[in-house]
Amino acid sequence: EEAPDRNSSTENPFTLLKKKRIVLCCLLACTASLLFSQIPTNISMYVLEKGFGSAAQAGFCATLLLLSGTICGLIFGRLVRIFHRYVIAAGFTVMMIGALIVAFAGSLYTVFAGCAIAGFAISAIMPQCLNDAANNCDGRISSASGLIMASGNFGAFIAPLLTTLAALITG
């Protein structure tokens with residue numbers, strides 16, 4: 001007798017949310033996306049408001065986010081070997097450092113550096129969330145990956161709403 005396909009479309013993916021590790025990975029992916037998405041969403045206005053450069057130069061920040069993320073992807077295996085189960089914690093720490101560099105930047109080049117650091121960090125956090133979920137999902141990798149990606153997208157979706165709410169509250 002053949003074993004049932006654990007990734008069949010008839011099995012409810014939300015049953016994976018009974019596993020604490022999957023829920024944690026979803027929350028981490030959501031939080032990472034929520035925090036990170038503030039940078040590419042607002043970087044152009046920030047660069048222009050601070051008088052650091054032009055719109056084209058601000059656009060280069062987005063390029064650096066993606067480029068550094070690509071570099072992280074190329075060395076991700078090494079990061080896992082170095083940091084083991086602390087990849088996500090290290091990623092959040094590095095992302096915070098990148099965001100602080102951007103927030104307190106005194107020049108366009110400092111903003112570039114902060115963006116590169118933050119872009120590198122998000123590309124360590126999200127794959128590790130996927131990896132952790134895949135290792136804790138009883139073979140239902142497609143469902144677990146879908147939940148992680150949906151959580152990350154939800155974080156990016158609510159980020160502008162929370163930013164607007166925070167601006168209304170703080171003035």
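**Aromatic pairs, worked through**

Phe154 is partly exposed, with 45% relative accessible area. Keep that in mind for Exercise 2. One caution before you start: this is a predicted model.

**Exercise 1.** Work out what kind of aromatic pair Tyr109 and Phe112 form.

*Solution.* 
- Start with the total: the count is four aromatic pairs.
- Tyr109 and Phe112 are one of these pairs, with 5.8 Å centre to centre and 80° between the planes.
- Planes over 60 degrees apart count as edge-to-face, so Tyr109 and Phe112 are an edge-to-face pair.
- Now place them: both sit in helix α5 (residues 108-134), three residues apart, so about one helical turn separates Tyr109 from Phe112.
- Next, check the surface. Tyr109 is exposed at 64% relative accessible area, while Phe112 is buried at 11%.

**Exercise 2.** Classify the ring pair of Phe154 and Phe157, and say where the two residues lie.

*Solution.* 
- The ring centres of Phe154 and Phe157 are 6.5 Å apart, and the planes meet at 35°.
- Stacked needs under 30 degrees and edge-to-face needs over 60, so this Phe154 and Phe157 pair is tilted.
- Both residues belong to helix α6 (residues 141-170), three residues apart, or about one turn of the helix.
- For accessibility, Phe154 is partly exposed at 45%, and Phe157 is exposed at 56%.

Terms used. Residues are numbered from 1 along each chain as its sequence is written. This is a predicted model: local features need pLDDT of at least 70, side-chain atom pairs count only at pLDDT 80 or more; totals for chains, interfaces and linings use all residues. Side-chain values use heavy atoms; hydrogens and water are left out. Rings of Phe, Tyr and Trp (its six-membered ring) pair if their centres lie within 6.5 Å; planes under 30 degrees apart count as stacked, over 60 as edge-to-face and the rest as tilted. Helices (H or I, at least four residues) and strands (E, at least two) are DSSP runs, numbered from the N terminus. Buried means under 20% relative accessible area, exposed over 50%, partly exposed in between (1.4 Å probe, protein chains only).
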